[in-house]
Amino acid sequence: MKSILITGCSSGIGHDAAHGLKARGWRVFATCRKDEDCERLRAEGLESFRLDYDDPASLVAALDEVTRRTGGTLDALYNNGAFACPGAVEDIPREALRAVLETNIVGVHDLTCRTIPIMRRQGYGRIVNCSSVLGFVGYPWRGAYVASKFAMEGLTDVLRIEMADTPIRVILLEPGPIATRIRENSIPHFERWINWKGSARVEQYRSLLGRLYEGGDDRWQLPASAVTEKLIQALESPAPRPRYRITVPSRTAWALRRLLSTQMLDRVLAR
């Protein structure tokens with residue numbers, strides 16, 4: 001039975017991945033930031049314990065728990081956990097940007113580096129990082145999240161090149177719009193850090209607030225199972241691709257980035 005450690009399993013992409021891989025016979029260690037979410041996942045039949053990217057001690061404890069249960073091995077790591085703080089770049093305070101980067105990239109990097117020695121010892125491993133369409137194109141009002149995912153793309157690319165002389169494979173997933181709770185989960189961060197009423201863009205924020213608090217229809221949105229499908233390919237293919245673009249917007253954005261000038265792409269994205 002192959003084993004995998006997955007972060008951010010309380011809902012959405014991570015939750016679906018945990019159950020999807022367990023159904024395929026993987027031994028899944030489904031982690032969450034909050035103990036109450038871990039308790040709920042255990043009630044669902046998953047092996048779950050706490051892991052918080054912002055808490056280095058929890059990373060050590062989680063990996064210790066994994067290797068204790070497996071006898072010292074771990075076949076795969078899926079870095080999925082992340083959060084967003086919407087707002088115009090000029091309105092994102094230093095503390096907000098630092099918090100997003102600490103979770104979405106610094107914590108991911110820390111956990112990955114702690115996992116690699118396990119995979120080196122066993123002579124095998126796969127590291128899958130969940131990026132985004134926003135890892136290769138910018139989009140208004142999502143500057144902090146975009147910055148973290150651009151960083152993930154670059155760091156993952158370099159790690160993949162460096163790991164080419166080892167049996168460890170490094171893969172990126174690049175979803176587009178997926179049915180998750182990331183919008184709802186971003187609201188507390190927006191309310192904590194963004195002083196939109198004092199912004200020079202206050203009228204634009206009024207339009208943003210409707211989408212943020214109420215959501216909207218997205219005909220291109222896919223269920224989280226679409227990401228799990230590509231994750232399975234990344235984990236089980238004998239020759240995985242370096243990156244898997246998921247959803248029509250993700251594939252379209254990649255094509256537009258290659259075909260259009262920067263100015264033309266800016267106009268498309270600004271719409």
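# Questions on a predicted fold

Reader: Which residues does Asn-79 touch, not counting residues up to four places away in sequence?
Author: Note first that this is a predicted model. A touch here means heavy atoms within 4.5 Å. With sequence neighbours up to four places away left out, Asn-79 touches Thr-7, Tyr-53, Val-108, Leu-111, Thr-112, Ile-127, Val-128, Asn-129 and Cys-130.

Reader: Which strand holds Asn-79?
Author: Look at residues 76-79.

Reader: Is Asn-79 buried or exposed?
Author: The cut-off for buried is under 20% relative accessible area. Asn-79 has 1% relative accessibility, so Asn-79 counts as buried.

Reader: Which side chains make polar contacts with the side chain of Asn-79?
Author: A polar contact needs N or O atoms within 3.5 Å. At 2.8 Å, the side chain of Tyr-53 makes such a contact with that of Asn-79. At 2.9 Å, so does the side chain of Asn-129. The partners are Tyr-53 and Asn-129.

Reader: How many disulfides does the count give?
Author: A disulfide is a covalent bond between the sulfur atoms of two cysteines. The rule asks for sulfur atoms within 2.5 Å. The closest cysteine sulfur to that of Cys-32 is in Cys-38, 4.3 Å away, and that is too far for a bond. The count of disulfides is zero.

Reader: What about Cys-130: how far away is the nearest cysteine sulfur?
Author: Cys-130 is in no disulfide. The nearest cysteine sulfur is that of Cys-9, and the distance is 11 Å.

Reader: Are Cys-32 and Cys-130 buried or exposed?
Author: Under 20% relative accessible area means buried. Cys-32 has 2%, so Cys-32 passes as buried. Cys-130 has 5% relative accessibility, so Cys-130 also counts as buried.

Reader: Which residue in E2 is the bridge partner of Leu-5?
Author: Strand E1 covers residues 3-6. Four bridges join E1 to E2, and the two strands run parallel. In E2, the partner of Leu-5 is Phe-29.

Reader: How many residues of strand E2 are buried?
Author: Strand E2 spans residues 27-32, which makes six residues. The strand is mostly covered, and the buried number is five.

Reader: Which residues does Thr-156 touch, not counting residues up to four places away in sequence?
Author: Thr-156 sits in helix H5, residues 143-162. Thr-156 is buried, with a relative accessible area of 2%. Beyond four places in sequence, Thr-156 touches Asn-129, Val-170, Ile-171 and Leu-172.

Reader: How far apart in space are Thr-156 and Pro-242?
Author: In sequence, Thr-156 and Pro-242 are 86 residues apart. In space, C-alpha to C-alpha, the separation is 9.6 Å.

Reader: Which backbone nitrogen lies 3.1 Å from a polar side-chain atom of Thr-166?
Author: Thr-166 lies in the loop between H5 and strand E6. At 9% relative accessible area, Thr-166 is buried. The nitrogen 3.1 Å from a polar atom of the Thr-166 side chain belongs to Ile-168.

Reader: What is the radius of gyration of the protein?
Author: The protein has 10 helices and seven strands. For 271 residues, the globule rule gives 18 Å. The protein's value is close to that, so the protein is as compact as a globular protein of that length. The radius of gyration is 19 Å.

Reader: What share of the residues counts as buried?
Author: Buried means under 20% relative accessible area. Of the 271 residues of the protein, the share that counts as buried is 47%.

Key: Residues are numbered from 1 along each chain as its sequence is written. This is a predicted model: local features need pLDDT of at least 70, side-chain atom pairs count only at pLDDT 80 or more; totals for chains, interfaces and linings use all residues. Side-chain values use heavy atoms; hydrogens and water are left out. Buried means under 20% relative accessible area, exposed over 50%, partly exposed in between (1.4 Å probe, protein chains only). A polar contact is a pair of N or O atoms within 3.5 Å; within protein, one must be able to donate a hydrogen and the other to accept it, and residues adjacent in sequence count only if both atoms are side-chain atoms. The radius of gyration is taken over C-alpha atoms; the globule rule is 2.2 Å times the number of residues to the power 0.38. Two strands pair if DSSP finds at least two bridges between them.
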